[in-house]
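Please brief me on the sheets, helix packing and chain contacts of this structure. Keep it short and group it by topic.

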Amino acid sequence: MWKWLHPYANPEVSYHFAGRMLPWLSALAALFLSIGIVWALAFAPADYQQGDSFRIFYLHVPAASLSMGIYLGMAIAAFTSMVWQFKLADASAAAMAPVGAVFTAIALFTGAAWGKPMWGTWWIWDARLTSELILLFLYLGVIALHSAFEDKNLAGKAAGILTLVGVINLPIIKYSVEWWNTLHQGSTISKLGKPSMTADMLWPFLFCFIGFILLVTLVICIRFRSEVLSRNSIRPWVRTLVSTQLAATEK
Amino acid sequence: MNQPKTPHNLSYRSVFSLVLKRDLTIALRHKDDIINPILFFIIVVTLFPLGIGPEAQTLSRIAPGIIWVAALLATLLSLDRLFKSDHSDGSLEQMLLSPQPIFILVLAKIVAHWIITGLPLILIAPLLAVLLHFNEQSYGALMLTLLLGTPVLSLLGAIGVALTVGIKKGGVLLSLLVLPLYIPVLIFATSAIDTAALGLPYSGQLAIIAALFFGSLTLAPFAVGAALKVSTN
Amino acid sequence: MYRNKKRELIPLSATNTDNVNVDSTPIESEQVNMPPPLLSATNLTCIREERLLFDQLTIAINAGDIVQVEGPNGSGKTSLLRILAGLSQPYEGEVLFNEHAIATCREEFHQHLLYLGHLPGVKGEMSAQENLAFNLALHGASDKSINTEATLAEVNLTGFEDSLASHLSAGQHRRISLARLYQSNARIWILDEPFTAIDKQGVHALEQLFKAHIAKGGCVVLTTHQDLLTFSEQQVKKITLDYTFDSYDE
Amino acid sequence: MQFDSFSAFLDMGGYGFYVWLSFGVSAALILALIVSSVLGHKKVIKNIAIRQQREDKLRQVRKQRKNTQVDLTQHSTKEITQ
């Protein structure tokens, strides 16, 4: 079952594989994001209710879904590393955490900036914003735990346990926050929802979304490479790689 | 020893009571550990009226939140003791090396923690509720939510301590790891109390807290065991 | 995932070959038809804080062996003992008890294991007697059959049975934990610096205890800064660890 | 193009501040993430190189000692590495 994965289970192979992906990913991410963002800002129609403030949607929604998606990815990596003792999975989970945290922060900030003209206040205890905030805490916990351990292998294991506990809790937290929100807010405030999307809104949205996914993959690849190097620093391939790279930069 | 006596194997129940008894004995001889979190709980609760104002109506409106948040913080404060001293004097590794299942050992320690901190909180909470002009209809809900909710706090908190016990400056980190996990308990417990104040049935919220309790009771000991293995590594 | 792959140590460059160094002397079984080793380890590799402590270490410890782990500070002696006891996981390789991986038979292995680390595992809030009784009970001894008072007398703690451990000295704490050796049914003793803070007579008594233990078919693995005095050179098997600066390849 | 002029584009129908703030802050955060990731990679490589040099030095010192026939007792090894 895992046979096809086997060559990539080798740190050296996957390091170089991720390295080869970098130019492609950066080119595609730049392409999709520039098309998507220009389209979203200048060409997409304004929402009939929210006017041009709706353009924040093209940032907020991809960031919010990616923040959840990356956490899920981290949990899958943690699970893989725990069950199959697959060490590279730890490296990829460690690479994902800061990226996820940044996108959660973006989702929070754009949510607040979108809320200000809509609700007249920067912060409102809206269900989605609140769960994003809690998700940010979960990310920060994972990152802090990673940096608290000196041994990267132990750090990976500990953060993996925390991620799994977090991923079990996440739906419960989300559900409880939503429930709490309906209980306390009533219907006076319109939530940040998806207004009816027309086709000319959908296309720029898709471009932005795919662009962000490519961007996230790119940054994760960069960080994954650093994680692999530092976890394998005593291996000959890393040593030769480091000395050739340094020689190249010195010239 | 050529034919080694097979060591007398303890039943789960006797292992459980052995560890429970030990932890309770230690706590009783080191009374600060029991008294400090309770004092903290009382002081935090008394600070609120001073900060907000003594109006009975405002206080009784926010009383459930105050008591529950103070209970969360008091539990958090006491969590460190769960594994810290055992880790620093080596008895934790002796427990992990014993031929007993880890989840029983862990569960016994968590139950001991709850008896030492959770139970006194429950006993003292109604008195503090009086200070906050608690709605008379919601005392029952307060007691029930605390009774079901504080074990969840001990169980989830144990995961956090187990992860941070090997780290030198684990205190602040612990709150970052544990507090987000406490949110659902806080939400459902305070809402149950609020609902009770309106004279409405709150069995729905109680059922959810009970579900959280059973969920964490079955899963937390395993997570704690795994985390302790990492921490003692 | 790499578990069954054959690995080799590739030194960084040819100039280093004379320094390649985990100087491990695998312990050979003396007779041809020996029973399987009581405790063995295959291809152990330990990496701590991105430093290679030892690598490809293969050890077999038989009933009746006393093994001393030697090496300078920081060379991984404690790490090796902790890995053998199952407290730490090696980066690669595995530890076998009666030819079964210890992870697969944890409870059975722990019934036959007595590990004493740097820390005595003694609670200051309990008396010497309570500490000993708890430790014995936890490790599977039945309460009634054991006279804790007599056991404490063996380690010269008569008169201190009821004193809280917090009032006792570090050496006395160590004695409380060592007292378990006198009541142990475990065949494998793994002791990290057991003689620390123990006086001459105590050391002598412990060595006699080790002799009795190995004569009964047990084994002892220990680290110590002083040599074992009453054992001859041939009796004590040695594992020597040294610093290594080598790279490691999977 | 949804806007008549560049100033209308900047104004975003009165929501300019919020829209540009969101896009600006997001761009800054993402840029910071990319820069820190790339710098982090370089730092990892540099750290490994530094360690390698240190270890090479230690190895040389050791070799010299061996060549000059100084016994590598436990004590002297300790000195070298510390």
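This is a predicted model: local features need pLDDT of at least 70, side-chain atom pairs count only at pLDDT 80 or more; totals for chains, interfaces and linings use all residues.

Residues are numbered from 1 along each chain as its sequence is written, while chains are lettered from A and ligands numbered from 1 in the order in which they are written.

**Parallel sheet, chain C**

- An open sheet of 5 strands in chain C has the order β6-β7-β8-β3-β9, with parallel pairing. Strands are DSSP runs of E with at least two residues, helices are runs of H or I with at least four, and both are numbered from the N terminus. Two strands pair if DSSP finds at least two bridges between them.
- The edges are β6 (113–116) and β9 (236–240) of chain C; each has a single partner strand, so one side of each lacks a neighbour in the sheet.
- On average, neighbouring strands of this sheet are turned by 15° against each other, direction ignored. Axes are lines fitted to C-alpha atoms, for helices over the stretch in contact, and angles run from 0 to 180 degrees between N-to-C directions.
- Strands β7 (residues 188–192) and β8 (residues 219–223) of chain C run parallel and are joined by 5 bridges. C:Ile190 has C:Val221 in β8(C) as its bridge partner.
- Helix α6 (residues 200–215) of chain C lies across β3, β7 and β8 of chain C, at about 145° to β8(C).

**Antiparallel sheet, chain C**

- An open sheet of 4 strands in chain C has the order β2-β1-β4-β5, with antiparallel pairing.
- Here β2 (51–61) and β5 (100–101) of chain C take the edges, each with a single partner strand, so one side of each is left without a neighbour in the sheet.
- Strand β1 (residues 39–48) of chain C runs antiparallel to β2(C), and 7 bridges join them. C:Arg48 stands opposite C:Arg51 in β2(C).

**Helix α1 of chain C**

- Helix α1 (residues 77–85) of chain C lies across β3 (66–70), β6, β7 and β8 of chain C, running at about 155° to β7(C).
- α1(C) also lies across β1, β2 and β4 (92–97) of chain C, at about 130° to β1(C).

**Helix pair, chain B**

- The axes of α1 (residues 12–29) and α6 (residues 102–131) of chain B come within 8 Å and cross at roughly 40°. That makes α1(B) oblique to α6(B). Angles under 35 degrees count as roughly parallel, over 145 as roughly antiparallel, 65 to 115 as roughly perpendicular and the rest as oblique.
- Residues of α1(B) including B:Phe16 and B:Leu20 meet residues of α6(B), among them B:Ala108 and B:Ile115. Contact means C-beta atoms, placed from the backbone, within 7 Å.
- The residues of this contact divide into 15 nonpolar, no polar and 2 charged. Ala, Val, Leu, Ile, Met, Phe, Trp, Tyr, Cys and Pro count as nonpolar, Asp, Glu, Lys and Arg as charged, and the others, Gly among them, as polar.

**Chain B against chain A**

- 18 residues of chain B are in contact with 20 residues of chain A.
- On the chain B side, α7 (139–164), α8 (170–197) and α9 (203–231) each give two or more residues. α8(B) gives the most, with 10 residues.
- That side has 16 nonpolar, 2 polar and no charged residues.

**Chain D**

- Chain D has 3 helices and 0 strands, in the pattern α-α-α along the sequence.

Notes:
Two residues are in contact if their C-beta atoms, placed from the backbone, lie within 7 Å.
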